[in-house]
Amino acid sequence: MFEDIPVDVSPMYEGERIRAANMFVELAGPKSIGAELVQVEEDVEDGKIEVIGPDLNGMTEGEIYPFGLLIQIKGEKLEKELEGVIERRTHELCNYIKGFMHLNQRDQIWCRVSKEAVESGFGFEHLGKAISILFKEEFPIIEAISIKVLTDREEVETFLDNASKQYEERDAKARELSDEDVDVFYGCVMCQSFAPTHTCVVTPDRTALCGAINWFDCRAAAKMDPDGPIFEIEKGEVLDDVKGEYVNVNTVMADKSQGTVDRVYLHSVFGYPHTSCGCFEAVAFYIPELDGIGIVDRDYKGETPLGIPFSAMAGQCSGGKQVEGFAGLSLEYMRSPKFLQADGGYERIIWLPKAIKDSLIEFIPEDLADKIPTEEEANSIKEIRKFLREHEHPVVERLKESKKSAAQDVETEEVVEETATGSEFMVDEAPMQQVGYVPELTVPSSGGMKIIFKNAKIYAEKVIIKKK
Ligand code: SF4
């Protein structure tokens with residue numbers, strides 16, 4: 001089947017990583033542009049493969065090139081709604097090709113080709129051929145498939161423009177529905193190959209973490225292949241409609257994670273946040289010093305207010321983990337009225353990169369838009385605090401309230417102490433500051449124990465943060 005292709009093609013290469021030392025070229029990714037798009041068409045010439053722009057043998061070792069991948073498919077049973085789900089399989093199927101590495105999805109793709117693959121004669125035509133065979137094998141309803149590989153910058157730019165319009169159309173359609181309008185949610189376990197305890201729960205209000213699959217896509221996929229990686233979850237009994245906790249979702253999470261995760265809040269980063277695989281578009285992270293939430297996406301290259309970049313943060317909360325205070329999410333979810341609603345939604349957001357803020361500006365409540373700083377206004381906790389105060393961000397009131405109640409607690413303790421000892425009580429001139437409020441936090445510790453803080457307020461005379 002793959003005889004004409006000079007490299008092996010098999011699922012066993014799915015986890016292959018191509019490091020810089022072994023890389024011939026990089027395609028798309030953070031330092032260039034690129035996209036992938038699956039389109040259901042009426043007229044598709046089966047087996048046609050076109051390469052527009054330089055092929056691998058015309059590229060310079062070590063360079064980075066723009067890259068577009070257009071996959072056109074035809075089939076009597078193929079529906080437009082299946083495009084997103086079929087497109088999402090590009091990641092997995094491309095990775096079956098030895099010497100070709102594919103990361104992410106949509107206009108976030110990032111690929112590398114190994115030196116060995118190029119030395120053995122591998123070119124983009126082979127890539128197209130392997131993808132055509134694999135897609136037809138995976139989806140027997142595809143009757144004809146043609147592939148366009150684009151590496152010419154202008155062509156990729158035009159393609160990217162068109163692809164972005166298609167993504168937006170898909171996303172906009174999903175915005176018409178909300179969780180209350182449906183009886184069924186969907187689960188997706190496509191990422192379990194690298195995140196074994198992760199299941200995405202996709203609802204009308206909560207697009208999948210990868211941002212590539214919405215509720216309509218899932219509906220079409222589950223209908224096409226009921227035993228496939230995307231399946232129905234009867235909405236059933238609601239335990240908490242603000243946090244987004246459902247009996248059936250918890251049961252599915254427990255089942256698919258082999259009991260590792262048995263509770264999930266769909267709309268909160270506290271308590272039991274949704275698990276995170278590794279392909280999330282952004283991470284929401286709790287900033288305890290200010291009792292607010294920051295957002296960082298994978299395109300943001302600087303350090304977050306926590307002092308680490310996106311990549312380090314992603315490393316801490318990916319792989320199917322449920323980490324209190326962190327939640328991987330899609331940018332589309334930030335357009336939903338239910339976006340982190342249990343935590344206060346945008347009223348609790350205190351930092352985000354400018355690029356995200358600009359792209360979401362029409363979804364951020366008007367009265368809050370100027371109150372949320374980006375990296376252009378504030379980066380450190382101190383700068384953010386100052387900005388929030390100056391712009392009267394609602395989180396400032398929240399902090400004042402918790403300080404007030406902390407002071408009352410201290411007074412009560414003083415009275416109790418005086419009564420108990422009958423002696424004079426010295427109040428420190430510099431009262432202790434509340435440095436954090438934690439609705440619920442699990443602290444890992446050794447010896448098979450875990451320490452859980454619930455509604456804890458943390459006070460300290462001094463906090464020393466050391467960088468390792
Ligand atoms: S991120 Fe979620 S929805 Fe997207 S492919 Fe992975 S498991 Fe499926």
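**Surroundings of the ligand and the annotated cysteines**

The ligand is surrounded by Arg88, Cys188, Met190, Cys191, Cys200, Ala208, Leu209, Cys210, Ala212, Ile213, Cys277 and Cys279 (C-beta atom, placed from the backbone, within 6 Å of the molecule). By class, this shell holds 11 nonpolar, no polar and 1 charged residues. Ala, Val, Leu, Ile, Met, Phe, Trp, Tyr, Cys and Pro count as nonpolar, Asp, Glu, Lys and Arg as charged, and the others, Gly among them, as polar.

The model is predicted: local features need pLDDT of at least 70, side-chain atom pairs count only at pLDDT 80 or more, and totals for chains, interfaces and linings use all residues. Residues are numbered from 1 along each chain as its sequence is written.

In the unreviewed UniProt entry, the annotation "binding site" covers Cys188, Cys191, Cys277 and Cys279. These residues span 92 residues in sequence, yet no two of their C-alpha atoms are more than 13.0 Å apart, so they gather at one spot. Such annotations may be inferred rather than shown by experiment.

Cys191 lies in the loop between β9 (184–188) and β10 (200–202). Helices (H or I, at least four residues) and strands (E, at least two) are DSSP runs, numbered from the N terminus. Cys191 counts as buried, with 27 C-beta neighbours inside 10 Å; the cut-off for buried is 20 or more other C-beta atoms within 10 Å. Beyond four places in sequence, Cys191 is in contact (C-beta atoms, placed from the backbone, within 7 Å) with His198, Cys277, Gly278 and Cys279.

Cys277 is found in the loop between α6 (247–256) and β14 (282–287). Cys277 is buried too, with 26 C-beta neighbours inside 10 Å. Its contacts beyond four places in sequence include Cys191, Ala195 and His198.

Technical notes. Buried ≥ 20, exposed ≤ 12 C-beta atoms within 10 Å, placed from the backbone. Contact = placed C-beta atoms within 7 Å.
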